[in-house]
Amino acid sequence: MTSAREADAPRIGPEDVPDWLRPLAVAARTIRPRQLSRFLPPPSGGRPSAVLVLFGEGARGPELLLLERATSLRAHAGQPSFPGGGLDPEDGDPEGDGPLVAALREAEEETGLDPAGVRVFATLPRLYIPVSDFVVTPVLGWWARPSPVAPVDPAETARVFAVPVAELAAPHSRGTAIHPSGYRGPAFEVAGTLVWGFTAGVIDRILHYAGWEVPWDRDREISLDHRA
């Protein structure tokens, strides 16, 4: 059965997003899990969760909404991330609209945004974060009617900020994060912070499949020894 919250979840097609966002909306329909990450959900288990990958238009052009987690948190403390979190039972079916509903709910709880202003245009294949055992559905949204955002609970969210897509794609912003554990992955030095891990991996693939990527120095390494 579809819940009231699921039934109200706003969705649009590629034809309804701005021209600059349309390549991503079209590409998202055919992207396969292995094209996004080598970390895929296990056959069973894992906690269903979702993140909201929200694009809007700001004073500096197309931008992406991110938040920085509080340093007091037990998992991923201090790291920039997309708004999101685990599915609650009232979000609905994890195999249906549950991730969409959860992404909007979590974004509202963390940043104070008004979900009524968000239009979901796609979801990406589910991915896996081994360290937290989250099975994550990235929900792609267009911020058709922006609303004020700020940390709702400082104990969970240190700040909420938007990064221009052009800044994310800029070669000087990009590098390869090197973790003491041996992990290597995309990283972005933007807005006074370092975006790495799951969030950076999704951004990297979005830039690629949307056609926004420009050549950058893949040999530039950024140590995480003092950030992990």
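The model is predicted, so local features need pLDDT of at least 70 and side-chain atom pairs count only at pLDDT 80 or more, while totals for chains, interfaces and linings use all residues. Residues are numbered from 1 along each chain as its sequence is written, and side-chain values use heavy atoms, with hydrogens and water left out. A search of the whole structure finds five aromatic pairs and 15 salt bridges.

**Terms**

- Helices (H or I, at least four residues) and strands (E, at least two) are DSSP runs, numbered from the N terminus.
- Buried means under 20% relative accessible area, exposed means over 50%, and partly exposed lies in between (1.4 Å probe, protein chains only).

**Aromatic rings**

- Rings of Phe, Tyr and Trp (its six-membered ring) pair if their centres lie within 6.5 Å; planes under 30 degrees apart count as stacked, over 60 as edge-to-face and the rest as tilted.
- A search of the whole structure finds five such pairs.
- Phe 55 and Trp 212 have ring centres 5.7 Å apart and planes at 70°, so this pair is edge-to-face.
- Phe 55 belongs to strand β1 (residues 47-58) and Trp 212 to the loop between α5 (197-209) and β12 (221-223), so the pair ties together parts that are 157 residues apart in sequence.
- Phe 55 and Trp 212 are both buried.
- A tilted pair is formed by Tyr 183 and Trp 196, with 6.1 Å from centre to centre and 55° between the planes.
- Tyr 183 is in the loop between β9 (174-178) and β10 (184-190), and Trp 196 is in the loop between β11 (193-195) and α5; the pair links distant parts of the chain, 13 residues apart.
- Trp 196 counts as buried, at 12% relative accessibility.
- One aromatic cluster is made up of Trp 20, Phe 55, Trp 142 and Trp 212.

**Salt bridges**

- Side chains of opposite charge can pair when their charged atoms come close.
- A salt bridge is a side-chain nitrogen of Lys or Arg within 4 Å of a carboxyl oxygen of Asp or Glu.
- Arg 174 and Asp 204 meet through their side chains in a salt bridge (2.5 Å, N to O).
- Arg 174 is in strand β9 and Asp 204 in helix α5, so this pair ties together parts that are 30 residues apart in sequence.
- Arg 174 and Asp 204 are buried.
- Arg 220 and Glu 189 form a salt bridge (2.4 Å, N to O).
- Arg 220 sits in the loop between α5 and β12 and Glu 189 in strand β10, so this pair ties together parts that are 31 residues apart in sequence.
- Arg 220 is partly exposed at 27% relative accessibility, and Glu 189 is partly exposed at 30%.
- Glu 109 and Arg 105 form a salt bridge whose closest N and O atoms are 3.3 Å apart.
- Both Glu 109 and Arg 105 lie in helix α3 (residues 98-111), four residues apart, about one turn of the helix.
- Glu 109 is partly exposed at 43% relative accessibility, whereas Arg 105 is buried at 8%.
- Asp 88, Asp 91, Arg 105, Glu 106 and Glu 109 are linked in a network of salt bridges.

**Other contacts**

- Arg 159 lies over the face of Phe 161, at 4.1 Å from the ring centre; a charge sits over a ring if NZ of Lys or CZ of Arg is within 6 Å of the ring centre and within 35 degrees of the ring normal.
- Ser 37 is in the loop between α2 (22-27) and β1, and is buried with a relative accessible area of 18%.
- The Ser 37 side chain reaches the backbone nitrogen of Phe 39 at 2.9 Å.

Technical notes. Polar contact = N/O pair within 3.5 Å; in protein donor to acceptor, adjacent residues only side chain to side chain.
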